[in-house]
Amino acid sequence: MNQKTKGYTVQEATKKIESYCAYQDRCHKEVVAKLKDMGMIPLAIDTIIAQLIEDRFLNEERFAKSFVRGKFNIKKWGKNRIVRELKFRNISKYNITSALKEIEPQAYLTTLDDLAHKRLQQISETNIQKRRKKLADYLLYRGWESHLVYEKLQELIP
């Protein structure tokens, strides 16, 4: 199985991908794309993926949890956006549900409140309807659930 493709043996490609996965949690889709870019054949890709899972370099649940924590804590994304991005990466429904438990309900509402207040300060629009729309569009784009967004609008711009 020591077939050379674009200069990488299976062993070389495995080592390279191990360091790629060790640097940051990756999902299967990212690793497969990287291996295809390296010119690996499907059989080699399957072999390498199996080895990565066995050696715990690749773990979808761990990836999903760290993705949720990062996008929520750093980017302040809402659950809708996080779920959409995880689905795009072919993460299972089970792992998505499990990963969303990483977000504390109280922290979630506090973050929405902080984000809404901060954004409202930045909106210079004087027309109340346009002001509401700008704030709503901003929060919805970031993936916050519509019922939470509209409750927050009622509270901030009565």
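Biologist: Which residues does Arg-89 touch, not counting residues up to four places away in sequence?

Modeller: A contact means heavy atoms within 4.5 Å. With those sequence neighbours set aside, Arg-89 touches Cys-27, Lys-29, Glu-30, Phe-63 and Phe-67. This is a predicted model, where local features need pLDDT of at least 70 and side-chain atom pairs pLDDT 80 or more, while totals for chains, interfaces and linings use all residues. Residues are numbered from 1 along each chain as its sequence is written, and side-chain values use heavy atoms, leaving out hydrogens and water.

Biologist: Is Arg-89 buried or exposed?

Modeller: Look at relative accessible area, taken with a 1.4 Å probe on protein chains only: under 20% is buried, over 50% exposed, in between partly exposed. Arg-89 counts as buried because its relative accessibility is 18%. Ser-92 has 33%, so Ser-92 counts as partly exposed. Over the 158 residues of the chain, 40% count as buried.

Biologist: Where is Arg-89 found?

Modeller: Helices are DSSP runs (H or I, at least four residues), as are strands (E, at least two), numbered from the N terminus. Arg-89 is in the loop between helix H5 (79-88) and helix H6 (93-100). Ser-92 is in the loop between H5 and H6 too. The chain has nine helices and zero strands.

Biologist: Which residues line the largest pocket?

Modeller: A pocket is an open set of points on a 1 Å grid over the protein atoms alone, where a 1.4 Å probe fits, with protein on both sides within 12 Å along at least five of seven lines; lining residues have an atom within 4 Å of a point. Here the lining includes Arg-89, Glu-30, Phe-63 and Phe-67. Helix H4 (residues 60-73) gives the most, with five residues.

Biologist: Which residues touch the most other members of the largest nonpolar core?

Modeller: In soluble globular proteins, nonpolar side chains tend to be buried together. A nonpolar core joins buried Ala, Val, Leu, Ile, Met, Phe, Trp, Tyr and Cys residues through side-chain atoms within 4.5 Å. The largest core has 30 residues, and Ile-82, Leu-86, Leu-135, Leu-139 and Trp-144 touch the most other members. H4, H5, H6, helix H7 (105-122), helix H8 (128-141) and helix H9 (146-156) each supply at least two of its residues. Apart from this core lies another, of 15 residues, among them Val-10, Cys-21, Met-38 and Ala-44.

Biologist: Which residues does Leu-139 touch, not counting residues up to four places away in sequence?

Modeller: Leu-139 touches Leu-112, Leu-115, Ala-116, Trp-144 and Val-149.
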